[in-house]
Number of protein chains: 2
Amino acid sequence: MAARGEDRREKILEVAQCIVLQKGFSTTSIDEIIDGAHITKGGFFYHFKGKGDLARHLLERYLQQDEQFFNNLFEKADALSEDPLQQMLLFLKLYAQAMEDLPGAHPGCLVAAYTYESQQFDDEIKRLTAEGMLSWRELFEERLARIAARYPMRIEVSLTELADMLTSVIEGSIVVSRVFSTQAVLAEQLLQYRTYLRLLFNDASLLS
Amino acid sequence: MAARGEDRREKILEVAQCIVLQKGFSTTSIDEIIDGAHITKGGFFYHFKGKGDLARHLLERYLQQDEQFFNNLFEKADALSEDPLQQMLLFLKLYAQAMEDLPGAHPGCLVAAYTYESQQFDDEIKRLTAEGMLSWRELFEERLARIAARYPMRIEVSLTELADMLTSVIEGSIVVSRVFSTQAVLAEQLLQYRTYLRLLFNDASLLS
């Protein structure tokens with residue numbers, strides 16, 4: 001029973017996220033979610049106190065999945081090379097490949113979606129989105145710092161800003177991908193950022 | 001009278017854009033816009049048929065202002081140098097400076113906002129957003145092609161993707177700036193993109 005309840009909760013969150021990313025949070029109704037997830041209203045309220053509670057759990061789940069996804073890719077990259085620059089370049093390549101394998105255009109980023117309806121959310125949600133994005137900055141910056149310790153930059157830039165550029169490129173290319181209804185944009189842009197890193201840190205293959 | 005009508009129409013659009021970028025289009029009510037613009041309901045409907053009509057005019061105005069802003073900056077850059085690479089680097093510097101001078105965090109991009117509520121809009125609006133973003137691609141790509149004709153790239157990349165990277169960086173850093181509630185992100189990221197171009201096209205100052 002506990003497992004089935006957990007499945008049902010997960011199903012609600014999955015359906016809700018899909019609808020929210022298509023039409024925005026404020027116009028997503030609990031009735032639509034119930035219909036999509038094939039549950040009763042009672043089933044919904046067994047798991048969530050209401051829309052505000054749903055918003056928070058959606059975001060927490062999204063950030064957790066994102067963290068897992070990034071950690072998983074970095075683990076793979078780290079297993080393929082000992083060099084911090086190559087690890088980062090591999091991470092970006094693996095990330096781009098994963099985005100190419102998506103069945104369609106990227107469904108959208110929940111953090112960006114919430115931000116474009118920021119007046120709908122309380123301070124707790126705003127704090128969580130900022131915390132989530134900050135954890136991406138820290139994750140990327142820590143990797144970049146390891147690179148910078150070994151490779152001098154051709155032009156000195158801030159590592160925090162360089163880390164934020166990856167977040168910006170991801171968020172921005174999701175928007176571009178949605179507007180153009182083409183899937184390739186996110187992978188392409190991750191590889192542009194990768195080229196930037198290769199040039200900035202003088203990737204060895206460029207010196208030959 | 002005609003001039004006053006035009007002023008009032010502009011005021012409605014300005015107030016509406018501000019509200020839409022804060023809370024999303026779907027939950028923005030005509031009553032709120034009327035209150036904010038200090039006009040009557042009749043005054044609103046004299047200028048717009050309804051919310052759908054308002055959505056289209058908001059977008060058209062936004063895209064026109066953006067085009068004007070870009071053209072204005074390129075004109076300034078072109079007056080300062082004859083070299084296509086320097087013109088682009090100047091454009092990015094002037095753009096970054098303009099973003100630093102904003103009174104607060106960037107208010108948001110209407111194209112991105114609409115995209116995160118895409119189910120709320122008809123095909124005409126979707127066509128307009130795609131056209132608008134396509135015009136940015138063309139504008140940037142044409143500039144990059146002029147650079148590439150004179151400067152060999154250190155790593156060969158697609159000029160279309162390089163042009164889309166500027167759009168991605170702009171859209172993405174607006175999201176990051178909103179999430180972190182800090183104004184500096186957009187300017188910082190424009191300068192990161194600028195550094196990428198300098199490295200990619202071997203800016204002369206790097207050769208010394």
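Predicted model: local features only at pLDDT ≥ 70, side-chain atom pairs only at ≥ 80, totals over all residues.
Buried area is the accessible area, taken with a 1.4 Å probe, that two parts lose on being put together, summed over both.

The domain assignment of chain A gives two parts: domain 1 covers residues 1-48, and domain 2 covers residues 60-206. Taken over C-alpha atoms, the centres of domain 1 of chain A and domain 2 of chain A lie 29 Å apart. Ten residues from domain 1 of chain A and 13 residues from domain 2 of chain A take part in the contact.

How much area do domain 1 of chain A and domain 2 of chain A bury between them? The figure is about 920 Å², with 53% of it on carbon and sulfur atoms. On the side of domain 1 of chain A, the residues that lose the most area to domain 2 of chain A are Gln17(A), Leu21(A) and Phe25(A), which together account for 59% of what that side buries.

I come next to the polar side of this contact. Between the two domains of chain A there is one salt bridge. In a salt bridge, the side chains of Arg61(A) and Glu10(A) meet at 2.9 Å, N to O. The two domains of chain A also have five residue pairs in polar contact. The side of domain 1 of chain A that touches domain 2 of chain A comprises four nonpolar, four polar and two charged residues.

Finally, an annotation. In an unreviewed entry, UniProt lists residues 29-48 of chain A as "DNA-binding region". Over residues 29-48 of chain A, the chain is 75% helix and 0% strand, and the C-alpha atoms at the ends are 14 Å apart.

Conventions. Residues numbered from 1 in each chain as written. Chains lettered and ligands numbered in written order. Heavy atoms only, no water. UniProt positions renumbered as here; feature names shortened; annotations may be inferred. Helix = DSSP H or I, 4+ residues; strand = E, 2+ residues; numbered from the N terminus. Domains from an automatic or database assignment. Contact = heavy atoms within 4.5 Å. Salt bridge = Lys/Arg side-chain N within 4 Å of Asp/Glu carboxyl O. Polar contact = N/O pair within 3.5 Å; in protein donor to acceptor, adjacent residues only side chain to side chain. Nonpolar A, V, L, I, M, F, W, Y, C, P; charged D, E, K, R; others polar.
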